[in-house]
Amino acid sequence: MSEFLRVAGSRTRNPYDAEEVVMEAAVVMIRKWPRILAHPKPIALAHKILDDQIADFYRRRARTADREVSYGALTEADVPTADDLLALRGHDGLDRALAELEKRAPLQAKCVILRYGANLMALTINTPHNRDALVSAAAKAANKRFIS
């Protein structure tokens with residue numbers, strides 16, 4: 001195993017990447033163990049598997065390099081600021097009103113959540129795909145209210 005680590009370390013130039021490549025190669029070797037034992041040169045086949053895993057490692061890195069961004073390179077992190085928290089201040093009243101509506105009229109509350117929370121139109125809430133009788137009844141009540 002140390003021989004494989006040395007080979008992988010010399011090719012990847014990073015001990016952590018070398019360990020990752022050797023572990024991936026070990027998984028392949030275990031899966032193909034009977035074939036390796038039946039081979040006339042089992043050590044050579046194991047080195048071939050390691051070389052293939054190193055090539056796969058670099059291919060995978062090249063394929064994902066344009067999609068990955070390191071955390072330090074992010075210009076804007078999703079950390080809420082004081083302004084974000086102040087903007088949410090007005091939602092407390094809405095949350096309390098919705099909780100009160102859920103206590104008094106759960107059907108209408110369900111419909112309001114679907115209409116404004118999921119941004120569904122009242123006519124699309126009552127679809128054949130929606131099997132929830134509670135939501136269906138709320139949608140019918142809302143449709144009557146919107147149509148009339």
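The chain holds nine helices and zero strands, where a helix is a DSSP run of H or I with at least four residues, a strand is a run of E with at least two, and numbering starts from the N terminus. Read from the N terminus on, the elements follow the order α-α-α-α-α-α-α-α-α. This is a predicted model, in which local features need pLDDT of at least 70 and side-chain atom pairs count only at pLDDT 80 or more, while totals for chains, interfaces and linings use all residues. Residues are numbered from 1 along each chain as its sequence is written, and side-chain values use heavy atoms, with hydrogens and water left out.

**The chain as a whole**

- Of the 148 residues in the chain, 22% count as buried, a term that stands for under 20% relative accessible area, with exposed meaning over 50% and partly exposed in between (1.4 Å probe, protein chains only).
- Among the contacts in the chain with a separation of 6 or more, 45% come from residues 24 or more positions apart, a contact being heavy atoms within 4.5 Å.

**Helix α2**

- Helix α2 covers residues 15-31, and its end C-alpha atoms lie 24 Å apart, which agrees with the 24 Å that its 17 residues should span at 1.5 Å a residue; the expected span is 1.5 Å times one less than the number of residues.
- At the start of α2, the backbone nitrogen of Y16 has a side-chain oxygen of N14 within 3.0 Å, where a polar contact is a pair of N or O atoms within 3.5 Å and, within protein, one must be able to donate a hydrogen and the other to accept it, with residues adjacent in sequence counting only if both atoms are side-chain atoms.
- The buried residues of α2 are D17, A18, V21, V22, A25, A26, V28 and M29, and they pack against α1 (2-12), α3 (33-38) and α4 (42-64).
- A26, which has its place in helix α2, counts as buried because its relative accessibility is 14%.
- The C-alpha atoms of A26 and A46 are separated by 8.9 Å, although the two residues are 20 residues apart along the chain.

**Helix α4**

- With 23 residues, α4 reaches 33 Å from its first C-alpha to its last, close to the 33 Å expected at 1.5 Å a residue.
- Buried in α4 are L45, A46, H47, I49, L50, Q53, I54 and F57, and what covers these buried residues includes α1, α2 and α3.
- Q53 is found in helix α4 and is buried, with a relative accessible area of 11%.
- Not counting residues up to four places away in sequence, Q53 touches V21, E24, A25 and V28.

**Where α1 meets α4**

- The axes of α1 and α4 come within 11 Å and cross at roughly 30°, with axes taken as lines fitted to C-alpha atoms, for helices over the stretch in contact, and angles running from 0 to 180 degrees between N-to-C directions.
- In this meeting, E3, F4, V7, A8, R11 and T12 of α1 face A46, H47, L50, D51, I54, F57 and Y58 of α4 as contact partners.

**Aromatic rings**

- The count comes to one aromatic pair, under a rule by which rings of Phe, Tyr and Trp (its six-membered ring) pair if their centres lie within 6.5 Å, with planes under 30 degrees apart counted as stacked, over 60 as edge-to-face and the rest as tilted.
- The pair is edge-to-face, because the rings of F57 and Y58 have their centres 5.5 Å apart and their planes at 70°.
- F57 counts as buried at 5% relative accessibility, whereas Y58, at 32%, counts as partly exposed.
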